[in-house]
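I opened the structure today to look up a few points on its sheet and its surface. My notes are below, entry by entry.

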Amino acid sequence: MTDFKALVEALASAKADFIVVGGVAAAVHGSTHATTDLDVVYSRATDNLARIHQALTPYKPYLRGLPPGLPFVWEVGTLRNGLNFTLITALGEIDLLGEITGGGGYDALVSHSVELEVYGHRVRCLDLETLIRVKRAAGRPKDLIRLGELAALLEEAKKKG
Amino acid sequence: MSWLDDPLEPNPVVEALKKDVDRSLLRANLDRTIDERLEHMASMQRLIEDLRAAKARQQSS
């Protein structure tokens, strides 16, 4: 089971630049759906790749779904040469996303995120409208099912102020 | 400006799906703090994992 709190703390303590997206961002905004992994869009800036690497190294990241023993090397160069990584770690599942469909990368999304206090850290989460927009763009069946809830949530959040 | 700045237009499929949403659950969640929402989600995840483990034990016995 994914330890969301420990993963967020690891990234935030390393002062990594990242935006929480996906199911955890939806939960932060009030969605009632459970999710199994933490999805983050990370800044591709060179110094940030080093911070992401440092944050996750103690938890032995490995590509999710691959048999053990394949030559996956967790180093800054791996992050630099790749873009999106679906990882399993000792803390659970995390997707490191350089870009997302319909949203682009960190620089495009940062102005569409909100900084919130999460587990005692200031953490950026994609704002609810943009979360809806990128889920629409992704167009996956599982996203469609959740879009109804997110749209209702947006209305309820506006009513609540 | 990017398309992310455009107004979010209503989508007929989403509007149809929205009708079946239990808004009382959303309102209850909006009354929680962010940490409480995440803990609530994590507890749901733990319950699902426990039920899956129980099912696997039952099937193997």
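Entry 1, the model. I note at the start that this is a predicted model.

Entry 2, the sheet. I looked up the strand order in chain A and found an open sheet of 7 strands, running β3-β4-β5-β2-β1-β7-β6. The pairing in this sheet is mixed. I then asked which strands stand at the edges. They are β3 (62-63) and β6 (113-118) of chain A; each has a single partner strand, so one side of each is left without a neighbour in the sheet.

I checked β2 (residues 37-42) and β5 (residues 92-97) of chain A, which run parallel and are joined by 5 bridges. For Val41(A), I found Leu97(A) as the bridge partner in β5(A).

I found a nonpolar patch on the surface made of Leu144(A), Val13(B) and Leu17(B), which together have about 210 Å² of accessible area. I placed Leu144(A) in helix α7 (residues 141-160) of chain A. Its relative accessible area is 35%, so I logged Leu144(A) as partly exposed.

I located Glu49(B) in helix α3 (residues 34-60) of chain B. Glu49(B) has a relative accessible area of 30%, so I logged Glu49(B) as partly exposed. From Glu49(B) to Thr33(B) I noted 16 residues in sequence and 24 Å in space, C-alpha to C-alpha.

Technical notes:
Residues are numbered from 1 along each chain as its sequence is written. Chains are lettered from A and ligands numbered from 1 in the order in which they are written. This is a predicted model: local features need pLDDT of at least 70, side-chain atom pairs count only at pLDDT 80 or more; totals for chains, interfaces and linings use all residues. Side-chain values use heavy atoms; hydrogens and water are left out. Patches are made of residues with over 30% relative accessible area and no salt bridge: like charges are joined within 9 Å, nonpolar side chains (Val, Leu, Ile, Met, Phe, Trp, Tyr) within 5 Å. Accessible areas come from the Shrake-Rupley method with a 1.4 Å probe; for residues, only the protein chains shown count as cover. A salt bridge is a side-chain nitrogen of Lys or Arg within 4 Å of a carboxyl oxygen of Asp or Glu. Helices (H or I, at least four residues) and strands (E, at least two) are DSSP runs, numbered from the N terminus. Buried means under 20% relative accessible area, exposed over 50%, partly exposed in between (1.4 Å probe, protein chains only). Two strands pair if DSSP finds at least two bridges between them.
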